[in-house]
Amino acid sequence: MCGIVGYIGNKQAYPILIKGLHRLEYRGYDSAGIALLDDDTNLHVYKTQGKVANLEAFCKDKNISGTIGIAHTRWATHGEPNDVNAHPHYSQSENLALIHNGIIENYITLKQMLIDKGYTFVSQTDTEVLVQFVEYVKNENNLSLYEAVHQALTQVVGAYAIAVIEKGNPNVLIAARKGSPLIIGIGEDDFFLGSDASPIVEYTKDVIYLEEESIVQITRGQKDIVIKNLDNVDLKQNIQKIQIDLSEIEKGGFPHFMLKEIFEQPKSLLMCMNGRVERQNVVLSGIRENIEKFRNTNRIIITACGTSWHAGIIGKYLFESFCKIPVQIEVASEFRYRHPVVRKSDILIAISQSGETADTIAAMELAKKQGTFIYGICNVVGSSVARLTDSGTYTHAGPEIGVASTKAFTTQVAVLTMMALTIGKELGTIDDATYHRISKELSQIPQKIESILSHAERIEKVSKVFTYARNFMYLGRGYNYAVALEGALKLKEISYIHAEGYPAAEMKHGPIALVDEDMPIVVIAPKFGIYDKIVSNVQELKARNGRIIAIVSEGDDRIAKIADYSIEIPDVEECLTPLLTVIPLQLLSYYIATAKGRDVDQPRNLAKSVTVE
Ligand code: F6R
């Protein structure tokens, strides 16, 4: 939610900041803005509603120069998306400019105090309150910018990643974080700031992932950065290497990141399983090292949001089948607030692509307070989720930039499958033959996805038939119930068509009333145990004139005969079917959305990582 970029050094800041904003645009695209100090150390702010391209157009004829600057792309929380509420925000005297990702919870109290002191406000944002408050603290106590930010933040309640610059002070860039991510890139003679590594990787691979509650002063020309916590204690400068390449965050010839990421899934799954699935065996060190915890627990709680929650549902089915451990699956935003019973003897598994989802982090913190062992499944190395866990497994999907999650889902399901196999094997709850058979089949999934992707054109053709639809229904059973939820989520978020996912047999308890000749129904029906029952479900729908798109196993001759359209997936073990059935659904959503002219990489109202409640 909101992206932050910063630069201080000897290069022109504007092109670096604009490029950085484009790379972070997936985090929010309600407005964008830039603040720079020019060569006379005057402070200038340029900002516009809408995407970074609007800002670029706005800046085109302006003579912008300067070697220190900050930039922001916004996902609106306080105040509608417009020019005035766009960041950066000036302080009252226009001496300071500040950008912010997060929410200042006590901004109303601070604002009232400042109004009483004669401060005036132009925007509705909590961020403007923060920059005014920093200036107030600075002037009242005659402090340096660093000291003022530090003192102000000790009185702020909420979450933030911020960057501040000051008129007449061209050698100092101040930044701070609590609850929202911030990374410093260390170049030859310059420094970069980013909400993630994507605006930095082109210039340097050396980065510092800032700790919670740190405040930073970067001074031009000085190698050493001051990093302290809110108690003014020096923090270690732990320089790490960025693990991503520039090519991974570019579109590579695809029209959209989403399509690139759908097509990348064979590769991302290979990376995810690399060194972990070999010769019909699975080796997952995070599980092996902690196997006693899994042996002794009475319950696993899986928590996550959105697509990651859908992967978690599949995890529940896997763990209960192969490890015989009861599993509770929890939407993190509900779990954190409903006074759940969490015991020290439980294991909490948190799943998050970004590792920055506020609700998932809060759910983890809740369990941590009870002393519960926390296992993370996460894509972004060094993220908050990764740091909060006792142990975990990275999905290694590579950067996911399209707002709609695709490769994150399949790699999360692959990790959950590897976990279930490893735990089941260690605890003796899965027989050897099944363990080896599924491990082997898992290693073959990337080729099977390739074969589905090679028929993308057929799915595109089918999608064209359904662009008229205003509603869609997705039905699945067993492992594919979660895929029905995921298919519906993908469609609604990028095409804005209303879609519902249901367990297929639940239809007759209410939703079947919606079925008529205008209702497309996607039925996920690979040939397994309760296949016969799904055939009956499909017949019931057809009898009511529903238009059926069926995802079926290769060679299926029953559902394919009843359905209007059928899309085949290669044969595979039942527990692995979600890894294949989800692919046509991702493509279907993508092609419907693009046919309708939607902006699939940046759908309206959404942002990639939800760092606010
Ligand atoms: C859907 C989507 C979201 C995320 C959710 C959790 O396509 O991307 O539903 O899955 O916001 O995000 P992470 O996994 O980053 O915690």
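**Figure 1. Val523 stands opposite Ala550 in strand E25.** This is a predicted model: local features need pLDDT of at least 70, side-chain atom pairs count only at pLDDT 80 or more, and totals for chains, interfaces and linings use all residues. Residue numbers start from 1 along each chain as its sequence is written, and side-chain values use heavy atoms, without hydrogens and water. Strands E24 and E25 run parallel, joined by six bridges. Strands (E, at least two residues) and helices (H or I, at least four residues) are DSSP runs, numbered from the N terminus. Two strands pair if DSSP finds at least two bridges between them. Is E25 largely enclosed or largely open? Six of the seven residues of E25 (547-553) are buried, so the rest of the structure largely encloses this strand. Buried means under 20% relative accessible area, exposed means over 50%, and partly exposed lies in between (1.4 Å probe, protein chains only).

**Figure 2. Five parallel strands make an open sheet.** The strand order is E23-E22-E24-E25-E26. Strands E23 (498-503) and E26 (565-569) stand at the edges with a single partner strand each, so one side of each has no neighbour in the sheet. On average, neighbouring strands are turned by 15 degrees against each other, direction ignored. Axes here are lines fitted to C-alpha atoms, for helices over the stretch in contact, and angles run from 0 to 180 degrees between N-to-C directions.

**Figure 3. E22 and E23 pair, and a helix packs on the sheet.** Six bridges link E22 (471-476) to E23 in the parallel sense. Which residue of E23 is the bridge partner of Met473? The partner is Glu500. Helix H17 (479-495) packs on the sheet and touches E22, E23 and E24. The direction of H17 makes about 175 degrees with that of E23. Contact means heavy atoms within 4.5 Å.

**Figure 4. The largest nonpolar core holds 87 residues.** A nonpolar core is a set of buried Ala, Val, Leu, Ile, Met, Phe, Trp, Tyr and Cys residues joined through side-chain atoms within 4.5 Å. Phe319, Ile349, Met419, Phe472 and Tyr474 touch the most other members. Helix H20 (577-595) gives the most to this core, with 11 residues. Domain 2 (251-443) and domain 3 (455-601) both contribute, so the core lies between them. Zoom in on Ile349. Apart from neighbours within four places in sequence, the contacts of Ile349 are Ile300, Ile301, Ile302, Thr303, Phe319, Tyr375, Ile377 and Met419. A second, separate core has 33 residues, among them Tyr29, Phe192, Val201 and Tyr209.

**Figure 5. Aromatic rings form 12 pairs in the structure.** In the pair Phe254 and Phe263, the centres are 5.7 Å apart and the planes make 35 degrees, a tilted arrangement. Rings of Phe, Tyr and Trp (its six-membered ring) pair if their centres lie within 6.5 Å; planes under 30 degrees apart are stacked, over 60 edge-to-face, and the rest tilted. Phe254 is partly exposed at 27% relative accessibility. Phe263 is partly exposed, with a relative accessible area of 27%. Tyr590 and Tyr591 are edge-to-face, because their ring centres lie 5.3 Å apart with planes at 75 degrees. Tyr590 is buried at 4%, and Tyr591 is buried at 9%. Phe466, Tyr468, Phe472, Tyr474 and Tyr565 make up one aromatic cluster.

**Figure 6. The rest of the structure largely encloses helix H5.** Seven of the 10 residues of H5 (145-154) are buried. Those residues are Leu145, Tyr146, Ala148, Val149, His150, Ala152 and Leu153. They pack against strands E6 (96-104), E7 (158-166), E8 (172-178), E12 (214-219) and E13 (226-229), and against helix H4 (126-141).

Figure 7. Most residues other than glycine have a negative phi, and most peptide bonds are trans. The His87 to Pro88 bond is cis, with omega near -5 degrees. Glu213 has a positive phi of about 55 degrees although it is not a glycine. At a relative accessible area of 30%, Glu213 is partly exposed. His396 has a positive phi near 55 degrees. His396 is partly exposed, with a relative accessible area of 33%.

How values were computed:
Domain bounds come from an automatic or database domain assignment.
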